[in-house]
Structure formats: structure tokens, C-alpha cells
Amino acid sequence: MRDRDIDNKIGWHFDNTYARLSEKILTKIKPTSVKKPKLIIINEKLCRNLGLNFSNINNDLIASIFSGNQLPQNSECIAQAYAGHQFGHFTVLGDGRAIVLGEHVTKDNKRFDIQFKGSGKTPYSRQGDGRAALGPMLREYIISEAMNGLKIPTTRSLAVVTTGETVMREESLKGAILTRIASSHIRVGTFQYVSLSGDKDAFNSLLNYTINRHYPEVKNSNNPALELLKIVINKQSDLVTNWMRVGFIHGVMNTDNMTVSGESIDYGPCAFMDSYNLKTVFSSIDLQGRYAYGNQPLITKWNLARFAETLLPYIDKNKDKAIKIATDTVNEFDSIYEKKWLNMMKSKLGLIGSNDEDKKIISDFLTWMENNKADYTNTFLFLLNDDFKNNKIFEKETFINWYKKWRKRVDGKSKDLMRETNPNLIPRNYIVEKVLKAAENNDLNPFNSFLEILQKPYEDHVNIKDYQAPATNTDDYKTFCGT
Ligand code: AMP
Ligand code: MG
């Protein structure tokens, strides 16, 4: 079969607009071919949603496609340049091991970047090898799909292939490539990169491009740059509220890992909190707790301020005036987030309508959970399911007193709201590790079973007790970046 026939059969529809932007912000580069690609997993449901059909294509060819050995005809491969504040320090970066093949447009006119991660060196690779290992790519796959199941905006995972090559980390590991899709890969760091370059034309075209691609509704407003800032503030406050809702800790909230679309991106050292504690950190390199669970809203605001800085010349020609407008706008994050967070916590506790006591009911409950090292996910489920058996902490007077007040406040409809807001399970760190270990040893069954349930976390499942159990010892759990 000719390549064009294969592409037609699959249903690719590439229309590559980012590749048309200034070459100053990207490099045209193809994936490095790999030795012996093998398909590990393909996201059939996501393929269907995208209008892609691989069911009549044999696995070797699929592996060849998702390794970059055989590129779709109309792809135009690029690596994107960007900068970023990494742990507060500004650095020039770029896709060091990722390549965007192009944008696939679905029948209902939705546009998605198709990106390989782990597909070889680029001019932005610095000291890195441009490669990725199987474990971390499957980790991104399962966590991003879990996030989607949790109804949190996120990049998605389409496939993972192994390369038939090894990558050297602390040990020799199986090389792999993840195909991820995103509504775009434009980051706060993309704006920082172009702003730093001082190239006004390039910045203007990135700004217009971003607005056209994501938020065309602000195109004709009096101040599109300011409106863009406001929308991104809103999207990011929604996103971080969602993270807080499920106890997700991103772990590396550098400005290069914050999208303007409001999708979660870059599942490196991320992990989910077991017992409730604002100081929870899992990342091995986050020694100061900059990206701790409870710090995430503050960091979101800090990153948004960096985004606003890049937009200043477009917000107002008068620099002082621009700074004043941007500062006031970014400061609105506090009240926007507080409101969203309060509503989210009210939903988790089934508090419908408003009552002067609500804030106290919430904060007393959170304090109680923290003092008693209560499991964040499960404690809300115990409330939802009236299930307090076999758990001594609920016999404490401190809990019983709080519970009485809460019972008085909730009504018949509360549980529906709680059911929509509180997942039955999260990807517990130790279970993720366990299924990844099996997958690395060629047994994908535990991974697939876990994945299937994670994709529907608000539905009732039989026999999920094992997936719901918190780890017995979470103190030593550490995650790592860029592996
Ligand atoms: P991350 O922490 O995954 O957001 O990555 C930060 C930066 O390091 C990005 O520019 C990545 O492209 C780059 N990077 C991470 N791992 C590698 C690697 N193995 N080879 C080249 N660049 C990498
Ligand atoms: Mg990144």
C-alpha cells in the first residue's frame, strides 16, 4: 500500500499552522529513526474521538508510525523553542526531546497537536539525549488519561512504542516514545522566549496566532492582549482548583510547563496526595517545597505574572500604565481562585446554596484531616457513602462534633453533588509504580486493568477496594523529572 493510501485509511487530516510561524521560534526537524519499534499501547477510544482508525493497520506499521520511522505524508515536523522559569530561575529551553508532527483537524473542526516525546535530539537538547524510557512514558500515559477521567483539562496520550534501543539513566532502560496530543503546546514560556528575543514581529504573530487558535472571541476587543491575560488567568485558576480538588501535585510548575490553553501538561514528577497535608511534596528535586500541594495556587499566580510581563507592551503603550493594569489584573487571581476553591470544596462536601458557616465547616474539616493524617480521597468517600466502619479515627470526638454540624447542613441532593465531585479512586502512587513495573517486565495486564477504571473514576465499580487503599508508608515516595 502506498503511504498516501495508508494515511487515508487511518484518517489523518493535517493542517499545520504553527509551522508557518517565524523560524525564530521553531526548528524544522524530523524524529531520529529508531532500531526496532514495537507497539506497547494505543488509545483506541481517543483514536476514535479524533477520527483516526488503526484497526486495519498491522502492529508493525503502527509501531513504525508512532516511532517516527514512517511519518504521515502531510506532517511537518518541528521542535518548538521556549524559555521558562525553572524553580524561579529563568532559562532558555525548547523541545529537547519532543517533536510536533503537525496539527490533526477532526471532522468537527477541533485542532490537536500530535507530538512525539522521546524522539531524538533537537537543537534544544542541551546535555540531554533526546530520548525517553518506557516507564516514564507509560506513567505520563496513565496519569494523563486518569486526569481526563477526573474531568480535568489535560494533554492526552495516544500511543507508546518501544524503540528497540536502550537509554542510559542511572541504569540501562528500554527506550520509548509517547505520542501525546494537546490543543496546542503554546506555553507561558513560549511567550517568554519571544519576548526575550525583542523581535516585535515574532511576538505579534505569536500573540495573534494564540488568540486565533484558542480564544478568537477576544480578537476584536479593544485590548486583545489584556483579554487574553484575563482568559488565561481564568483557565489556570480553574485548572489549579481542579488539581486541588483531587489532590494532584504537578511537581514541576515551571513557566515552560504552563499552557495558555489551560490544559495540564508534562507529567514528570507529578503524584497524588494520600493523607491531607498542604506541605506534601513528592519530587526529589523540590527541596524547598516550592511546588508543594498547598503552594500550587500561589505558583499559578506567580507564573501568570510572568505571562503578564511579556504582554505589557501590548496592554498599553505607556509602560507605567501597562504595569498598573497588568498588576491589578493578575492580583484579581486571588479572589477568582478563592471563589472557585470555595465552590469546589462546597461541592466536595455537598454544601448546596450558601450559609455563613460554610467556610468554617470546610476549614474545620480540612484541619481535622490534617491533624489526623486522614486520607484525602477516601475521607470524602466515607462521608459520601456513610461508611465509617473499621476506621478508628471516626470514633474521635473531634470528628463526631464536626460530623453533627455537617449532617445538619446537607440535604437530599448533597450526595449527587458529592458524587460528581469526589472520585472513587485516584492513581495511587504505589499502584502506579506496581503496574509500571509489571509493564516494564512485559506484563501489561495490571496497567490496562488499572487504566480502565481510572478512565471512569466517578462511576461505581465492583471490586475496586484494592485500588482505593492508601499506601501503608508514603513517607519515602519520591518522583523524578525528565527521565
Ligand atoms: P521537563 O522537566 O520535562 O519539562 O523538561 C525540561 C526541559 O528539559 C525541556 O526543554 C525538555 O525538552 C528537556 N529535556 C528533558 N529530558 C530531556 C532529554 N532526555 N533530552 C533532551 N532534553 C530533555
Ligand atoms: Mg516541560
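1. Domain bounds, as used in this note, come from an automatic or database domain assignment. On that basis the protein is divided into domain 1, covering 3-182, and domain 2, covering 186-422. The structure is a predicted model.

2. The centres of the two domains, taken over C-alpha atoms, are separated by 27 Å. To the contact between them, domain 1 gives 37 residues and domain 2 gives 42 residues.

3. How much area do domain 1 and domain 2 bury between them? The figure is about 3200 Å², and 61% of it lies on carbon and sulfur atoms. On the side of domain 1, Tyr82, His85 and Phe87 supply 21% of the area buried against domain 2, which is more than any other three residues supply.

4. Side chains of opposite charge can pair when their charged atoms come close. Between domain 1 and domain 2 the count is six salt bridges. Lys24 forms a salt bridge with Asp199, and the closest N and O atoms of this pair are 2.5 Å apart.

5. Which elements each supply at least two residues of the side of domain 1 that touches domain 2? They are the strands β4 (83-86), β5 (89-92), β7 (111-117) and β10 (172-182), together with the helix α4 (134-149). By residue class, this side of domain 1 divides into 17 nonpolar, ten polar and ten charged residues.

6. The surroundings of ligand 1 deserve a separate point. Ligand 1 is surrounded by 18 residues, and the closest are Gly94, Gly96, Asp129, Gly130 and Asp266. Three of these glycines can be described through their backbone atoms. A polar backbone atom of Gly94 is 2.6 Å from an oxygen atom of ligand 1. For Gly96, a backbone N or O atom lies 2.7 Å from an oxygen atom of the ligand. With Gly130 the ligand atom is a nitrogen, 2.9 Å from a polar backbone atom of that residue.

7. Over the whole structure, a search finds 32 salt bridges. One of them joins Arg20 and Glu76, whose closest N and O atoms are 2.3 Å apart. This pair links distant parts of the chain, 56 residues apart. Arg20 is in the loop between α1 (3-10) and β1 (26-28), whereas Glu76 is in the loop between α3 (59-67) and β3 (78-80).

Technical notes: Residues are numbered from 1 along each chain as its sequence is written. Chains are lettered from A and ligands numbered from 1 in the order in which they are written. This is a predicted model: local features need pLDDT of at least 70, side-chain atom pairs count only at pLDDT 80 or more; totals for chains, interfaces and linings use all residues. Side-chain values use heavy atoms; hydrogens and water are left out. Contact means heavy atoms within 4.5 Å. Buried area is the accessible area (1.4 Å probe) that two parts lose on being put together, summed over both. A salt bridge is a side-chain nitrogen of Lys or Arg within 4 Å of a carboxyl oxygen of Asp or Glu. Helices (H or I, at least four residues) and strands (E, at least two) are DSSP runs, numbered from the N terminus. Ala, Val, Leu, Ile, Met, Phe, Trp, Tyr, Cys and Pro count as nonpolar, Asp, Glu, Lys and Arg as charged, and the others, Gly among them, as polar. A residue is near a molecule or strand if one of its heavy atoms lies within 4 Å of it. A polar contact is a pair of N or O atoms within 3.5 Å; within protein, one must be able to donate a hydrogen and the other to accept it, and residues adjacent in sequence count only if both atoms are side-chain atoms.
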